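Please look over the sequence and the structure first.

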Amino acid sequence: MKRFLLFVCLIATLLGTVACSMGTQSETQQIDNTSLGFSFSFSADWKLIENDNVIQLIIEEELLSSVNVGEMTLEGKLEDYLKTEYVSELEKDLKSFKLENEFIKSQAEGIEWTSFIYTADYGTDSTLVPCRFMQSFSEKDGRIAVMTLCCEAAKFSDYNKAFENGLKSFKFIEKEAQDTVASSEKITNPAVEYTILCPKGWECVRNDGMISIKCSDGSNLSSSQFSLDADIGSLDVYMDKKYFPDFVSSIGDYTLIGEYEPMTVDKRYAGLICEYTASVSSEDYRFYQLITSKSGYVYSFLYTATEENYASHIEDVKIIFENITFTKG
């Protein structure tokens, strides 16, 4: 199951119109991204593009030349992941993948990096080009940084030095607090009798007998309600005996992650959180769901995302769940 971001796959179709002015090799730019909590210097020859989830550096008119920096989440240890899952995931994602070097260790500024160099055919489906990659991982205080160089194989030696200098100057810095609640819109209507937040950058795509909000990458959060059968007295029994048997019959490869976790909704209603993976129409998804009950009804709030996008929004989703309010007692 994917737990990391293969950032090089995000940019081939996005950066075609971006251009930059080339500087001299001696010039550097300082990058301090407080959304990610990363700081490093890099050659000024590279055009900088930043957002909340990834730092991108590109070369003028070279769609396949990029450096991408972001954060990944893992359930287990980074070292275990790199030894057991990392290569197999790259083999699934990239064509003609070949690992050249593994577990290249380096250290600078008190930060240890584990790096891999590999080749693969990369580009669009119609035009694949032999490319060479260097991907490096570092962990500090439970945070994992991933830095990736992608370029045509023949140009790797031209850009590898700049990449390694970026690793040497890298620091973990304090993240800027993200006030998701303050920048959110409240969504409700009389039919559902509850209010949820729609974070900035999301849009409400349905607001009738249920509420559904959606992010631009396809991740979504939907809500619905069901009558609570009189013979089911608790939420965990309801989920085990009624909800999940019906749900699993319509999906494939269902796997519950961990156990149900209790949560109080609107400071007064008992709720349960569950996290699971499943396939829908042959696509793999990850889910984070809150179930609560009130006045004879079960209320479901379900976050759905691909493995690649799941971590990008889970903190927003947790804030949404924490701020659900019922408009009638």
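Ser279 stands opposite Asp284 in β18. The model is predicted.

**The β17–β18 hairpin**
- Strand β17 covers residues 269–280, and strand β18 covers residues 283–294.
- The two strands pair in the antiparallel sense over 10 bridges.
- Together β17 and β18 form a hairpin, with two residues between them.
- Ser281 sits in that turn and has a positive phi of about 50 degrees.

- Arg286 has Ala305 in β19 as its bridge partner.
- Two residues lie between β18 and β19, which form a hairpin.
- In this turn, Ser295 has a positive phi of about 55 degrees.

**The open sheet β1-β2-β10**
- Three strands make up an open sheet, in the order β1-β2-β10.
- Pairing in this sheet is antiparallel.
- The edge strands are β1 (28–33) and β10 (171–172), and each of them pairs on one side only.
- Strand β2 spans residues 38–43, and two bridges join β2 to β10.
- Two bridges are enough for β2 and β10 to count as paired, because the cut-off is at least two.
- Ser39 has Lys171 in β10 as its bridge partner.

**Positive phi in two loops**
- Which loop holds Glu109? Glu109 lies in the one between β6 (95–108) and β7 (111–123).
- Phi of Glu109 is near 55 degrees, a positive value in a residue other than glycine.
- Is Glu109 buried or exposed? Glu109 counts as exposed because its relative accessibility is 55%, and the cut-off for exposed is over 50%.
- Asp141 is found in the loop between β8 (128–140) and β9 (143–152).
- Asp141 is a residue other than glycine, and its phi is positive, near 55 degrees.
- At 72% relative accessibility, Asp141 therefore counts as exposed.

**Side chains along a strand**
- In a regular strand, the side chains alternate between the two faces of the sheet.

How values were computed. Residues are numbered from 1 along each chain as its sequence is written. This is a predicted model: local features need pLDDT of at least 70, side-chain atom pairs count only at pLDDT 80 or more; totals for chains, interfaces and linings use all residues. Side-chain values use heavy atoms; hydrogens and water are left out. Helices (H or I, at least four residues) and strands (E, at least two) are DSSP runs, numbered from the N terminus. Buried means under 20% relative accessible area, exposed over 50%, partly exposed in between (1.4 Å probe, protein chains only).
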